[in-house]
Amino acid sequence: RVEEVWLTSEHDTFVLPSKEEPLLVRFDEGNWLLKEWSYPKSPEELHYQARNDDVIGREWAVRELGRFPGVPEVEGVLTELAEEDPFWAVRVAAIETLGIDGGSQASETITAAARDENSRVRRAAIRLLGERADPALSAFFRDRFTKDDSYQVQAEALRAIGQSRDRSQL
């Protein structure tokens, strides 16, 4: 259902009664207002929103899932969205959130994202892997530099090689 409310001051509080717990609560459908709002959501609510809202809502929900590090279900949802969401910005948000405190599968997902169809996702993945400063990834970065057709991804691969401090790559 859609509820219409009017803002009467700088800080307003609204209570909207419901017979059952809603699957999704969305403020400002269409994102017309410049706003700051708080509405704490459970991981389950964020999972639903990350899969069923518009692009802005999905990206927001993905980033909010970062508040639940170490929860296996959260990592699973983020992995799924990093691989399958149709919009590149949601995929970027998913790998960045995984990169904060991802578990065992996070590295694999981020490495796979370095071959995403969208160069912005590939660049973000290379940046996240480069921040690890792992010399063992130097060959991977060199491969991405050689095979990627995006100058931005190539530049990120060179930065990542530099961050690894592997002098053999000079």
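Me: Helix axes here are lines fitted to C-alpha atoms over the stretch in contact, with angles from 0 to 180 degrees between N-to-C directions. The model is predicted. At what angle do the axes of helix H6 and helix H7 cross?

Reply: Helix H6 covers residues 119-130, and helix H7 covers residues 138-147. Their axes come within 11 Å. They cross at roughly 155°.

Me: Are H6 and H7 roughly parallel or roughly antiparallel to each other?

Reply: Angles over 145 degrees count as roughly antiparallel. The H6 and H7 axes cross at roughly 155°. H6 and H7 are therefore roughly antiparallel.

Me: Which residues of H6 and H7 make the contact?

Reply: H6 passes H7 in a left-handed crossing. From H6, the contact takes Ile-126, Leu-129 and Gly-130. From H7 come Phe-140, Phe-141 and Arg-144.

Me: How do the residues of that contact of H6 with H7 divide by class?

Reply: Gly counts as polar and Arg as charged. The division is four nonpolar, one polar and one charged.

Me: Which residues are closest to the centre of the largest pocket?

Reply: The largest pocket has a volume of about 1600 Å³. Its lining holds 33 residues. Closest to the centre are Val-5, Leu-16, Arg-26, Phe-27 and Asp-28.

Me: How many residues of each class are in the lining of the largest pocket?

Reply: Five lining residues of the largest pocket are polar. The rest divide into 15 nonpolar and 13 charged.

Me: Which helix gives the most to the lining of the second largest pocket?

Reply: The second largest pocket has a volume of about 190 Å³. Its lining includes Ile-56, Gly-57 and Trp-60. The top helix contributor, with three residues at 55-64, is H2.

Definitions and conventions. Residues numbered from 1 in each chain as written. Predicted model: local features only at pLDDT ≥ 70, side-chain atom pairs only at ≥ 80, totals over all residues. Heavy atoms only, no water. 1 Å grid on protein atoms, 1.4 Å probe; cavity = no way out; pocket = protein on both sides within 12 Å on 5 of 7 lines; lining within 4 Å. Points joined across faces, edges and corners; volume = space filled by probe spheres on them. Helix = DSSP H or I, 4+ residues; strand = E, 2+ residues; numbered from the N terminus. Parallel < 35°, antiparallel > 145°, perpendicular 65-115°, else oblique. Left-handed = near helix turned anticlockwise from the far one by under 90°. Contact = heavy atoms within 4.5 Å.
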